[in-house]
Amino acid sequence: MFIMNDKHYINTIEELYEIVNLFSECNNNEPLIYRAEECSKGGLIPSLGKVNSNNLRRVEQELLSTMKVYGAPMVDSRDINEWLLMCLSNQQGFPTRLLEWTDSLFNAMWSVCNSATKDCVNILKVQDCHKVNFINSPHGIENTKIFKATDCDFRTTKDDEWYSIHPFEKERNGSLLSLYDDQRYVTDLISVYISPSVKNNLLKELISMSALNKTSITVEEKMTNIDSDHNVDNNDKANKGEISNDLEVIVHDRKLEQYGRKYHQDFDFD
């Protein structure tokens, strides 16, 4: 582990835990959440903030109105509110003011190390003063707030998932406030950087941890995937974004939804 220009770099999982434990102790052992991303491009700014528009408020209102019409079959109409609509919009790929986080450090590290573009894990302390009050409208928030996905969306199966919701910059409807620039989080946020040269070894460490041992695939087989075909297959894909996830342990049967109807991945929409 070493620090360069106030940035923490790690070489092993043990070094990561040292940073996390120290950060947690310095913050009275408050809960922590994590986000993997590419820090060099629009760090900690939600997808709506990257939309080219002079009036993001209007864009958001139009998108949520669309989701209210076409997403209604997904949930009971009695459960629909602005917070749930925003979560559903994010899940369906619409740009929103939400950033996804996880309370699983393992999942965040797996995401970084298995990506050609992501290079850091942001660590955020969850304080009560930062949590969302669902009584208030998401449109009126003035500060970045945090909430657990299951507190808003009963449909989600991701118990480790959290969101941060970001305000529009004051007197500006065309930009969102990055968490890096929010002074209320100066002491509650740190970033740990992972160099491409150490990702392979970190993956091996992660694979050897019991959290991934949920199938009959052995550690040796997984490590072989890393050392051989996985790296070869991804050389041609490195410039296109995410590395193909040959190392994924849990495989889900994807189902697509359109207007409340579900389709298996082998079928086209109407």
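Helices (H or I, at least four residues) and strands (E, at least two) are DSSP runs, numbered from the N terminus. In this predicted model, helix α1 is followed by Asn-28, whose phi is positive, near 55 degrees.

**Figure 1. Overview of the predicted model.** The protein has seven helices and ten strands. Of its 270 residues, 43% are buried. When contacts between residues at least 6 apart in sequence are considered, 67% of them join residues at least 24 apart. The protein exposes about 15,100 Å², and carbon and sulfur atoms supply 46% of that area.

**Figure 2. Helix α1 and the elements that cover it.** Helix α1 comprises 14 residues, 13–26. At 1.5 Å a residue this helix should span 20 Å, and its end C-alpha atoms are 20 Å apart, which agrees. The buried residues of α1 are Ile-13, Glu-15, Leu-16, Ile-19, Val-20, Phe-23 and Ser-24. In an α-helix there are 3.6 residues a turn, so residues three or four places apart point the same way. The cover over the buried residues of α1 includes the strands β2 (7–9), β3 (32–37), β5 (120–125) and β8 (189–193). It also includes the helices α4 (105–113) and α6 (196–208).

Figure 3. The largest nonpolar core holds 26 residues. Within this core, the residues that touch the most other members are Ile-10, Tyr-34, Met-109, Val-121, Ile-123, Ile-194 and Leu-202. Two or more residues are given to the core by each of α1, β3, α4, β5, β8 and α6. Helix α4 provides the largest share, seven residues. Another core, of 16 residues, lies apart from the largest one, and its members include Met-67, Met-86, Ala-149 and Cys-152.

Figure 4. The structure holds zero disulfides. Cys-87 is in no disulfide, and the nearest cysteine sulfur, that of Cys-152, is 3.7 Å away. For Cys-152, likewise in no disulfide, the nearest cysteine sulfur is that of Cys-87. A disulfide requires a pair of cysteine sulfur atoms within 2.5 Å. Cys-87 counts as buried because its relative accessibility is 0%. Cys-152 is buried too, with a relative accessible area of 13%.

Figure 5. A search of the whole structure finds five aromatic pairs. In one of them, the rings of Trp-83 and Phe-134 have their centres 5.4 Å apart and their planes at 85 degrees, so the pair is edge-to-face. This pair links distant parts of the chain, since Trp-83 belongs to helix α3 (residues 82–91) and Phe-134 to the loop between β5 and β6 (145–148), 51 residues apart. Trp-83 is buried at 4% relative accessibility, whereas Phe-134, at 32%, counts as partly exposed. The rings of Phe-134 and Phe-147 are also paired edge-to-face, because their centres lie 5.5 Å apart and their planes stand at 80 degrees. Here Phe-134 in the loop is joined to Phe-147 in strand β6, 13 residues apart. Phe-147 is buried, with a relative accessible area of 3%. Ring pairs link Trp-83, Phe-134, Phe-147 and Tyr-163 into a cluster.

**Figure 6. Surroundings of Leu-44.** Leu-44 is placed in the loop between β3 and α2 (56–70). With a relative accessible area of 0%, this residue is buried. Neighbours within four places in sequence aside, Leu-44 is in contact with residues including Arg-35, Glu-37, Leu-99, Trp-101 and Asn-122. The C-alpha atoms of Leu-44 and Glu-100 are separated by 9.9 Å, although the two residues are 56 residues apart along the chain.

Figure 7. Leu-177 is found in the loop between β7 (161–165) and β8. This residue counts as buried, at 18% relative accessibility, because buried means under 20% relative accessible area. Beyond its neighbours within four places in sequence, Leu-177 is in contact with Leu-44, His-166, Pro-167, Glu-169 and Asp-182. Leu-177 and Pro-46 are 131 residues apart along the chain, and their C-alpha atoms are separated by 9.0 Å.

Technical notes:
Residues numbered from 1 in each chain as written. Predicted model: local features only at pLDDT ≥ 70, side-chain atom pairs only at ≥ 80, totals over all residues. Heavy atoms only, no water. Expected span 1.5 Å × (residues − 1). Buried < 20%, exposed > 50% of the residue type's maximum accessible area, 1.4 Å probe, protein only. Contact = heavy atoms within 4.5 Å. Areas by Shrake-Rupley, 256 points an atom, 1.4 Å probe, with all protein chains shown as cover. Phe/Tyr/Trp six-rings, centres within 6.5 Å; stacked < 30°, edge-to-face > 60°. Core = buried A, V, L, I, M, F, W, Y, C linked by side-chain atoms within 4.5 Å.
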